[in-house]
Amino acid sequence: MSAPAADAPLPMTLQVNGVVRTLSAPARRLLSDALRHDLGLTGTHVGCEHGVCGACTVLVDGEPARSCLMFAVSAQGHAITTVEGVGDDPAALSPVQQALAECHGLQCGFCTPGFVTTITAYLDEHPDPTEDEAREAISGNLCRCTGYQNIVKAVLRAAELRREERA
Amino acid sequence: MTTRTVGEGVQRREDPRLLTGHGRYLDDLGRGALQAAFVRSPHAHARITDIDIGDAWELDGVEAVYTWEDLPGRVAEPLPVLIPHPALTHARTGYCLAKDEVNHVGEAVVMVVARDRYVAEDACGRITVRYETLPAVVGLDLARRGERLVHDDVPGNVAANLRQEVGDVDAAMAAAPNTLTLDLAIERSASMPLEGKGVHARWDTDDGSLRLYSSTQTSTGLRAAVAAKLDLPLAKVEVVTPDVGGGFGVKIVHPWPEEVLVPWAARMLGRDVKWVEDRREHFVSSAHERGQLQEVTVGFDDDGRLLALDVRFWHDNGAYTPYGIIVPIITATQLLGPYKPGAYRVEFWSVYTNTVLVTPYRGAGRPQGCFAMERTMDAVAAHLGLDRTEVRRRNFIQPDEMPYDQGLMFQDGRPLRYDSGDFPSSLQKLVDLVGWDDFAEYRAAASTEGRTVGLGIGCYVEGTGVGPYEGGHVQVETSGRVNVATGLTTQGQGHETVLAQVVADELGVPFEDVHVTTGDTRRMPYAVGTFASRGAVMSGNAVALAARGVRAKALRIAADALEVSPDDLDIEGGVISVRGAPGTSIDLRTVAVLSNPLRYAFDVSAQAATQFAGTFDPDRPPVADDDEPGLEGQDFYSPTQATFANGMHAAIVETDPVTAEIRILRYCVVHDCGVMVNPMIVEGQVHGGVAQGVGGALYERMVYDESGQLLNASFMDFLMPYASEVPHVETDHLETPSPLNPLGLKGAGEAGCIPVSAVIASAIEDAEGFPVRSMPISPAELWELRRQHASRTDPAQEGAS
Amino acid sequence: MKPAPFVHHAPRTVEEAVAVLAQVGTDGKVLAGGQSLVPLLSMRLATPGHLVDIGGVTGLDGLDVTDEHVRVGALVRHAGLERHDGAAAALPLLRQAVRHVAHPAIRTRGTTVGSIAHADPAGEMPAVAALTGAVVEVVGQGGAREVAAADFFVGPLETTLAPDEMVVAVRFGRLPAGTRTRFTESARRSGDYALAGVALAVQVDGATVAGARASFVSVTPVPDVLDLTPAVGGHPVDDLPLDAVADAVAAHVDPDSDIHAGADYRRMLAAELTRRALATVTTEVTVGAA
């Protein structure tokens, strides 16, 4: 009953939401699973495990990436931001979270964390998108509930909120 | 003060939690639970000759390996036929783990329980199942020929054959001055929620009870089914539905094999066990829908009025029929839409194929029916050279004809009797919204730029809010907090918000004080489930009735305390006051205290209800004979029939003259779901439905090869639309309240998706000038259609109209 | 959908990486961005015993522009290439094409060199490598070698890379002054693999087309180059024999049918995309710097 050498747990150190976390997991542990099951950050959701749906999108060094397409072991040395890192307090939403709530940009909420991270990173680079650009910005994430109409609106509203916040 | 919230686009209560990663979906629960994985059949049709567990056991972390042979008692018996029907003469269901034979790729054969999913999958890889393959029946053409059989004892592969007729179709058809026949086809798609199914079972060895968490659309149904399967008293089983990442129909089926096996294994092992369906499993072992072949013959007069409608269709029900024939019954009845068909006959054959089973997916047979009817309407218009809206107008049921009985039996066994709707007004709104009358001009202008555009339309009626019932429980705590429970489950419809709006208004309390629980059998053990656009209609009215009961009780107690008549009292903002006598009032929370006579004071407010607290009538018992302690109550809403929502959509599409790429330039919706509790949420439902409809019209299909392999079982190849594929949706609403329920509601959940394939087909047909009879349609298929029509010599088929 | 176990190697240098590759042979795979590899692992369609994770290898993240080429190191992400103004100025086709690679969240991790080593006929960057006469820099146990793109791709998902070798960089050749480029493709959904796509380079001499070449996505087994000069050379930019171009493309490509489109459709699509790309690239006012 010995574990194959290939599956031996490795000590890992991940920097998640500004906090250094350690865990022990085999090399094959997907970053999505490590975040969810080893670190208990269940806000990151897994919808397809082949990189298409975008529900598991986290920020790696500030850029959106599919956490189901990365191994935790490879994520060491990078700064990971999950939806909890964007905004963890239901009473103090980030502009993107606030905009999604105001615009009814979510229904079941399963894909939502991936949209929150994606839109947050997008607005960091493109603070003033047009409606077409807003649509393009979210076109790598699947949502089965909303038909995207109100998510597009939320991108524009979030940009507005961020500008207000800065002013 | 209290403002009415019903009718307002109140922001959702659930959002802050879901937006910050604090949702609790199935896989977020049960950290540390053992995980299950399954060896599933790679063959569509085969006999199992041997199962060799091999050295799977030797893997570190493997806790159990089960085959059918290991299953006891009812766990080993076939899964239930949930919705029997007299016409379903040959119902067949599978086993939790395949016994002897597999009938579709993906059927579970061996269950592995291990430390985590990684190890469980390793173990699955070490298990060898030997099969003797059998010829597969794939596709309706092969199935209805009946030469190869899915189940040896089901002749012709026919699970059910049902015929309904209103009037004398043969006579009416023979007398009709014009007749047309259309052959139509719709391919398979699937609900495809972003969260797959999942089950987490906690077996309590100490008291022999089970708590089951499932990503289900029915917690009470699942509870009863699992208790029966595991031979447990109902009192020892509770089902809790956590946050659910979308359902759209597929999660109404119960019990799924895993929903029986996981709690059974938890009991066997005395450990928490969890199974979280992965995407590949979802494609091959959850349900699909839509696939039908249809033959429509229509007789009509020279004005385009229907005289006779004769419909035959073949419905692919996949390998098993656990959910009965609900989908084809809905197609057969809801096909009629807002129209009077003249004499109507519909007959369907629900047939087996060696593919994943078919159960309702949002729309549930209606998109197919709408497609048949609307293609027919367009064909009639084309035949007579009439405007397509005019033909529809002439066949509409008129508002003064409501209620209108179509003379058929609906999916709930009750009459197909429309309660409300104003179809001419809805159509006028749509015509105005899309600019129907100006389209010819737009088309001409586009044409000068070398662009090809088309305008399409589709109308539907949707029976929503079917029974049998839902319940509501409302309880006012001494803090003023109002707890509301209903048994049906939530998958994103915003029930926490909508039901709180209803109760806040009915009870006269601030919206913020109302807290809603859904889908938890501990809180409401009597419920049916979330399907058929019934959440708001059924539970909305149930909690309204329950709240009215609690309000009456509160007024009675307050009247006693204030020594006035209950008729003189009002509740606003959680304060009961005497009308016309400001200052004479009592808080609802105080009434809650008074409603429950106490011996023990656990806090300051409770002191007021204790036995030495003050004045009471020593001749009356603390709780009257006809009363109960507590400011709470429950009630049920059980309608005599469904309520019928309706809608009309129009779209403008552009087709590339060379590449046949299809772009939706505009998409317009007019929708009537009666009173809207929360218009923002209703609109969101419509948006989502349209997007799924667009998927079904232009992108999504299940592609099987001849051997029954699903060729596109991934999100890379099953093309659910991204934002880039969904057009901007323009909406307008007509509110004709339902007379059937206290709140005047009609369902809204499925509406958006129903007519989309019909609308897009209509628009492409209009752009291209040849009929579109099969959906979905891809650019490559449209291009192929063009080739076929170009090679024909019939000049009538050429050019856009 | 969880990967099978593997031994994870985290070399610090190219030499260490290729030493591991030599040791594990065909049981090893290089992991760079992982955007194509990880799904295959999760579906257990690939079950290598060893992954050589080059994420920590130093010296592979360089992006250098010289007079002759744009050199892209093995750890340069698609997004990095997309953002790089120097690369875009030197060879506009790079930015034009890389924007079509999947979605932004894939481009942030996926590497351009990785997609070339993967040699998927549906990949955008192999087509660009072919059209620009790229040179693939390879290192193995026996040392370094350079392979022309034309010799690198031998079939769908098949290259001349040996099991003990890895690609350390690709040098995309800069195009002669006056070259205009265009990349266009058509996919079922945004970000999907294209049904057909074309990378186009056109030499314009005043008001006349001097020459044109194209390579294709999803319609040829390997990304090879079609010389369109015989069809368009010497013709005025505003009056090109586009039908002849379309015919040449249709004759050149050799698409397969799949569930999304038949071969005939893809052939037509490749021809039409080329025709449109050519028509717009030759009439546009702004000329990409070469």
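**View 1. Three strands of chain B form an open sheet in the order 22-23-24, with antiparallel pairing.** The model is predicted: local features need pLDDT of at least 70, side-chain atom pairs count only at pLDDT 80 or more, and totals for chains, interfaces and linings use all residues. Residues are numbered from 1 along each chain as its sequence is written, while chains are lettered from A and ligands numbered from 1 in the order in which they are written. Strands (E, at least two residues) and helices (H or I, at least four) are DSSP runs numbered from the N terminus, and two strands pair if DSSP finds at least two bridges between them. Strand 22 (569-572) and strand 24 (585-587) of chain B are the edge strands, each pairing on one side only. From one strand to the next the twist averages 20°. Strand 22 is joined to strand 23 (residues 575-578) of chain B by four bridges; Glu572(B) has Val575(B) as its bridge partner in strand 23. Helix 14 (residues 535-562) of chain B packs on the sheet and touches strands 22, 23 and 24, its direction making about 120° with that of strand 22. Axes are lines fitted to C-alpha atoms, for helices over the stretch in contact, and angles run from 0 to 180 degrees between N-to-C directions. Contact means C-beta atoms, placed from the backbone, within 7 Å.

**View 2. Helix 6 (residues 257-269) of chain B is largely enclosed by the rest of the structure, because 10 of its 13 residues are buried.** A residue is buried if 20 or more other C-beta atoms, placed from the backbone, lie within 10 Å of its own. Among the buried residues are Glu258(B), Glu259(B) and Trp264(B). The end C-alpha atoms of helix 6 are 18 Å apart, in agreement with the 18 Å that its 13 residues should span at 1.5 Å a residue; the expected span is 1.5 Å times one less than the number of residues. Just after the helix, Gly270(B) takes a positive phi of about 65°.

View 3. Gln203(C) stands opposite Gly211(C) of strand 13. Strand 13 (residues 208-217) has seven of its 10 residues buried, so this strand is largely enclosed by the rest of the structure. Three bridges also join strand 13 to strand 14 (residues 225-227) of chain C in the antiparallel sense, with Asp227(C) as the bridge partner of Arg213(C).

How values were computed. Two residues are in contact if their C-beta atoms, placed from the backbone, lie within 7 Å. A residue is buried if 20 or more other C-beta atoms lie within 10 Å of its own, exposed if 12 or fewer, and partly exposed in between; C-beta atoms are placed from the backbone.
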